[in-house]
Amino acid sequence: MRFSGKVCIVTGGGSGIGRATCQRFASEGGNVVVADLNAEHGNETVKMITSKGGTAIFQNCDVGKSADVQATVDAAVKKWGKIDVVVNNAAMMTFLPVVDLPEDKWDQVLTVNLKSVFLFCKYAIPHMPQHSAIVNTSSVHAHESEAGVGPYAASKGAMEALTRVVALECEQRKIRINCVAPGAVNTPMLWNNPNVKSGKEKVEGAVGQPEDLAAAICFLASDEARFVNGTTLVVDGARLDIL
Ligand SMILES: NC(=O)c1ccc[n+]([C@@H]2O[C@H](COP(=O)([O-])OP(=O)(O)OC[C@H]3O[C@@H](n4cnc5c(N)ncnc54)[C@H](O)[C@@H]3O)[C@@H](O)[C@H]2O)c1
């Protein structure tokens, strides 16, 4: 029970990797804040947890909006008095080459995928005691990518750079921050990807399950990873080597 009594916020907790991570925290004793834009799916995650005796609340949150992020932090602190874990996991993608990409789409992807990490760090860290941890869900696209996903790949690369800086800034506070970089994972985001649908991006041979990522995220969030800080754990079934 690595998360007994710990308060864990997970963004994008209504689906895929975020949902599996919420379930894993709860199964190990955590009090979970399921933060998502999609209230129906977020509440489903809460029900899945509470029906098994776990503890979770839903918080409606657009992670790109400062007021929503602050409300999510406030909800956790009001209910449980502190925050031990933040998983910045919600994200979005676009599938257009840079020359065709409307400027507002660039801004939207960078806001949801990257500014959100800044916002949660800014507002949650003051409420996080020593030995707390932040885990950011990056992507193999931060390391090797393909045409058409410019803002997504850029946001994930920048997320990893920001993670290294915040790790240094939080050394005194004894708060760790790391990334996981998933390869292809069996979630709606993967199967809705038009490049995957068309067969342009081949995924056969190395598709992980959301639970595989939840295991890695929970490791990084736990005290077992106390000497792991400011880095990225690639969890891709060797996909980067296959490509
Ligand atoms: N599935 C993959 O193959 C894969 C690969 C690499 C990285 N990732 C990363 O994993 C993370 C989770 O993705 P997933 O595959 O579980 O996706 P998913 O589509 O299953 O879930 C994403 C969740 O995020 C929520 N969300 C989207 N925008 C939001 C916003 N602005 N505010 C709050 N919530 C929002 C959605 O409602 C949804 O519940 C993402 O960061 C993604 O980039 C996924």
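Modeller: Glu204 counts as exposed because 8 other C-beta atoms lie within 10 Å. The cut-offs are 12 or fewer such atoms for exposed, 20 or more for buried, and anything in between for partly exposed, with C-beta atoms placed from the backbone. The model is predicted, so local features need pLDDT of at least 70 and side-chain atom pairs count only at pLDDT 80 or more, while totals for chains, interfaces and linings use all residues. Residues are numbered from 1 along each chain as its sequence is written.

Glu204 sits in the loop between helix H7 (194-197) and strand S8 (207-208). Helices (H or I, at least four residues) and strands (E, at least two) are DSSP runs numbered from the N terminus. From Glu204 to Pro194 the C-alpha to C-alpha distance is 15 Å, for a separation of 10 residues in sequence.

Lys174, in the loop between H5 and S6, has a positive phi of about 60° although it is not a glycine. Lys174 is partly exposed, because it has 13 C-beta neighbours inside 10 Å. Ala238 is in the loop between strand S9 (232-235) and helix H9 (239-242), and its phi, near 70°, is also positive in a residue other than glycine. With 11 other C-beta atoms within 10 Å, Ala238 is exposed.

Asp212 belongs to helix H8 (residues 210-221). Its 19 other C-beta atoms within 10 Å make Asp212 partly exposed. Asp212 and Met48 are 164 residues apart in sequence, yet 18 Å apart in space, C-alpha to C-alpha.

Leaving out residues up to four places away in sequence, Ile9 touches residues including Val33, Thr72, Val85 and Ala124, where contact means C-beta atoms, placed from the backbone, within 7 Å.

Helix H5 (residues 150-169) has 20 residues and should span 28 Å at 1.5 Å a residue, which agrees with the 28 Å between its end C-alpha atoms; the expected span is 1.5 Å times one less than the number of residues. The buried residues of H5 include Tyr152, Lys156, Met159 and Val166. Their cover includes H4, strand S5 (133-137) and strand S6 (176-182).

The protein chain as a whole has nine helices and nine strands. Its radius of gyration is 17 Å, close to the 18 Å of the globule rule for 243 residues, so the chain is as compact as a globular protein of that length. The radius is taken over C-alpha atoms, and the rule is 2.2 Å times the number of residues to the power 0.38. Along the principal axes the C-alpha trace spans about 45 × 35 × 35 Å. Buried residues are 45% of the 243. Of contacts between residues at least 6 apart in sequence, 72% join residues at least 24 apart.

Key
Contact = placed C-beta atoms within 7 Å.
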